[in-house]
Amino acid sequence: MILIAPIIAIVIGLDFNRSINKANANKGNDTGGFHKFNRMIIDSTFKGGYQIKSADINADNLPDLIAVSTNMPEIFWYENPSWERHLLYDSTTGNIDLAPKDIDHDGDIDLAIACQFSLNNSISGGHVYWLENEDRGKSWKRHFIDSIPTSHRLRWADLNGDANEELINLPIVGRGATRPLYKSGVEFCYYTVPTDPARELWTKNVIDNDLEMAHGLQLVHWEGEPEWSVLTASFEGVHLYRNQGEGQSVMWNKTQIGSGDVKPRPMQGSSEVGLGRFGKSGSSYVATIEPWHGNQVVFYVPGEKGGLWKREVIDTTFVDGHALICSDLNQDGVDEIIAGHRGPGYNLYIYYWNHLNQVWEREDLDRGGMSAAGLCLLDFNADGYLDIAACGSATNNVVLYENLGK
């Protein structure tokens, strides 16, 4: 996962009212368009893939891939550079997310996992464990952290400024929430890691209890601040959580950034969220998929007088949109938007900012071969260009898109 540290500035010389959603147009010099990608099939039998992450599992200084599926108990990791598949763990079901980190500080990567997930069960399940890496990825030991029904997104970040990372847990719905309205607040929280994480209790700290259908989560350094802040995507749109405390005293300031789609529930709000920037000294933007599991790719820029950010739709062709991330893939100083959808069509796109025409333009990354449920970025071959890894739910695959550079 790539974490972006933007600097907010006034938007100068960018006309955000221009139509975007163009496919493969104006590919000339200095348009901001980018280069080629080499599509590498890592696994064509991974059923119902949901999330994919990158970490050095076997401590050989190469980033590997780890993928989870809600349809099967097996968690696999893929070894760089051969991409040989290894069984990591198979004693949990409903695996929905994972977050790699050396939790016990013994020099190898462990995993936090969220499992026993069911959107139809908001009363039980939602177990959060950490898997102790006992032998460079060859054996793993499970330790319990907590249970919050529908635990859905896990991330690591130092939220309280103590130089130690905490584990963030964002369930998708609140306890007792039922379809189609899902009217119950989510227990959005983080855990502090004890001195002995295998034997001591992890302390839970609540960030917020008010979000409903909270699907997206992104960690950011807002306005270049050293402290981590959090962006969420939910039925209520996009919210920013900034830590206003000092030291161990964490005080969260919650600000709504984007309105989301304002249609009735359950087709409402925002589903995925990412943060990008227009150059090193340019303004930041927020990109989303809307509404929940929706058809739109949207971006937001700061309003002239504060308040909610200005909303612009850049694509309306998605079916069950589910994966989005922002990063500068072509090293032109402007972050691209990578986004895909799980439904029929199974397309994964890259949207880049055309500097000449000042519009977003769309290029195909994978046309018809990737029902993108999860994305991550890594530089697997250390060539200086970020590559893209994706796992497909309906297409049952794990694919690596090698960024070939200019």
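View 1. Strands β8 and β9 (residues 127-133) pair in the antiparallel sense over 5 bridges; strands here are DSSP E runs of at least two residues, numbered from the N terminus, and two of them pair if DSSP finds at least two bridges between them. In this pairing, L111 stands opposite L131 in β9. Strand β7 (residues 97-101) also pairs with β8 in the antiparallel sense, again over 5 bridges, and here L98 stands opposite I113 of β8. A word on the model itself: it is predicted, so local features need pLDDT of at least 70 and side-chain atom pairs count only at pLDDT 80 or more, while totals for chains, interfaces and linings use all residues. Residues are numbered from 1 along each chain as its sequence is written, and side-chain values use heavy atoms, with hydrogens and water left out.

**View 2. The two faces of β8.** In a regular strand the side chains alternate between the two faces of the sheet. Look along β8 and you will find D110, A112 and A114 pointing one way, with L111, I113 and C115 pointing the other. Of the 6 residues in this strand (110-115), 6 are buried, meaning under 20% relative accessible area with a 1.4 Å probe, protein chains only.

**View 3. Y351 and its surroundings.** Y351 sits in strand β25 (residues 347-354) and is buried, at a relative accessible area of 1%. Leaving aside residues up to four places away in sequence, Y351 touches several others, including V297, F318, I337 and W360; contact means heavy atoms within 4.5 Å. The side chains of Y351 and D315 make a polar contact at 2.6 Å, that is, a pair of N or O atoms within 3.5 Å, where one must be able to donate a hydrogen and the other to accept it, and residues adjacent in sequence count only if both atoms are side-chain atoms.

View 4. C376 is in no disulfide either, and the nearest cysteine sulfur, that of C391, is 8.5 Å away. Both C189, with a relative accessible area of 0%, and C376, at 1%, are buried.

Technical notes. Buried means under 20% relative accessible area, exposed over 50%, partly exposed in between (1.4 Å probe, protein chains only). Helices (H or I, at least four residues) and strands (E, at least two) are DSSP runs, numbered from the N terminus. A disulfide is a pair of cysteine sulfur atoms within 2.5 Å.
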